[in-house]
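I opened the notebook with the model on screen. My plan was to look things up one by one and write down what I found.

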Amino acid sequence: TAGATTKNVSLIAPPVTGETIADVQANNSNILKQSDLGTGNQILFGPYNPSTDTFSNFTTTSTDALNNGQGYRAALYQTAGTITFKGGIEVADKTVSGLTAEKFNLVGNPYTTGYSLKGFVTDNSSNLDDLNTAVTYWNASTGDYTTKSQSELNTTDVYLAPAQAFFVKLAATKTSIAFNKGDSQIYQSSPIAPFRSNNEDLSGIALHMSHANAIKTTKLYFN
């Protein structure tokens, strides 16, 4: 695939609403394209398929809507950098539907704030697999995946950074998960590092917010 030779792969979730993959491509020329490595029209940005345990790639002509709360794989060309998302700010509870029962699904923080994993697991205890009431995320400090069970999170909470994606296994017949806005936090001193395949490069996102004639920009970095 287009991402076979790149090291800067991350699992992310759009922290804004109303954005399409065409918008992301227009705002991020540094996303790895198949044409950067040879020929082809795929880009290394796409969703995870729980049924086949594989990722798919969008193409340079894709116009699919992106769903905040859903996780995606993304990679940048040659060097680490930022991915810019532009859209509306999620200010309400968020339900992510269309997921696959009894499989691991890739979802993510839909907010531009930190998010409590303890709150997430508590709110979704009936949606998650009884034998796997937990979340799995990439831990940059160890260079491997970390799984946190509900009992661990009840003892020590962990906060998702904005745009953080993670895996959860759903229970039988369950095809959705819920994010409660009340579990979001404006700031936490040590949110977990985002999914990525290499922890030597600094990654982050740039958020642009506008209202009337006022425009605000902030950059969020993870290490």
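I began with strand S2 and strand S3 (residues 54–55), which pair in the antiparallel sense over two bridges. I note here that this is a predicted model. I looked up the bridge partner of Tyr48 in S3 and found Phe55. Their side chains also meet. The ring centres of Tyr48 and Phe55 lie 5.1 Å apart and the planes stand at 55 degrees, so I logged the pair as tilted. Then I checked cover for the two rings. Tyr48 counts as buried, at 14% relative accessibility. Phe55 counts as partly exposed, at 27%.

Next I went to the turn. The hairpin of S2 and S3 has four residues between the strands. Which residue there takes a positive phi? I found Asp53, with phi near 55 degrees. Asp53 is not a glycine, and I flagged the value for that reason, because most residues other than glycine have a negative phi. Asp53 sits in the loop between S2 and S3. Its relative accessible area is 55%, so I marked Asp53 as exposed.

I looked for another case of this kind and noted Glu102. Phi of Glu102 is near 60 degrees, again positive in a residue other than glycine. Glu102 belongs to the loop between strand S6 (94–96) and strand S7 (104–108).

**Entry: S2 against S4**

I returned to S2 and looked at its pairing with S4. The two strands run antiparallel and are joined by three bridges. Pro47 has Tyr72 as its bridge partner in S4. Is S2 mostly covered or mostly open? It is mostly covered, as four of its five residues are buried.

I then ran through the aromatic pairs. The search of the whole structure gives 10 of them. One is Phe45 with Tyr72, a tilted pair at 5.7 Å centre to centre with 35 degrees between the planes. Phe45 lies in strand S2 (residues 45–49) and Tyr72 in strand S4 (residues 72–75), so this pair ties together parts that are 27 residues apart in sequence. I checked both rings for cover. Phe45 is buried, at a relative accessible area of 0%. Tyr72 is buried too, at 2%.

**Entry: the nonpolar cores**

I asked which residues have the most contacts inside the largest nonpolar core. The list reads Leu117, Phe120, Val135, Phe166, Val168, Ile177 and Phe179, in a core of 19 residues. I traced the elements behind it. Helix H3 (117–123), strand S9 (134–139), strand S12 (165–169) and strand S13 (177–179) each supply at least two residues of this core. H3 gives the most, with three residues.

**Entry: a ring cluster**

I followed ring pairs and came to a cluster. It links Tyr111, Tyr115, Phe120, Phe166 and Phe179. I looked at what sits over the ring of Tyr111. It is the charged end of Lys181, 5.4 Å from the ring centre.

**Entry: a three-stranded sheet**

I then looked up an open sheet of three strands. Its order is S11-S8-S14, and the pairing is antiparallel. Strand S11 (159–160) and strand S14 (184–185) stand at the edges with a single partner strand each, so one side of each is left without a neighbour in the sheet. Strand S8 (residues 114–116) pairs with S14 over two bridges. Gly114 stands opposite Gln185 in S14.

**Entry: the whole chain**

I count four helices and 17 strands in the protein chain. Of its 223 residues, 47% count as buried. The accessible surface comes to about 10,500 Å², and 47% of that surface belongs to carbon and sulfur atoms. Among contacts with a separation of 6 or more, 75% join residues 24 or more positions apart.

Methods
Residues numbered from 1 in each chain as written. Predicted model: local features only at pLDDT ≥ 70, side-chain atom pairs only at ≥ 80, totals over all residues. Heavy atoms only, no water. Buried < 20%, exposed > 50% of the residue type's maximum accessible area, 1.4 Å probe, protein only. Contact = heavy atoms within 4.5 Å. Areas by Shrake-Rupley, 256 points an atom, 1.4 Å probe, with all protein chains shown as cover. Phe/Tyr/Trp six-rings, centres within 6.5 Å; stacked < 30°, edge-to-face > 60°. Lys NZ or Arg CZ within 6 Å of the ring centre and 35° of its normal. Pairing = 2+ DSSP bridges. Core = buried A, V, L, I, M, F, W, Y, C linked by side-chain atoms within 4.5 Å.
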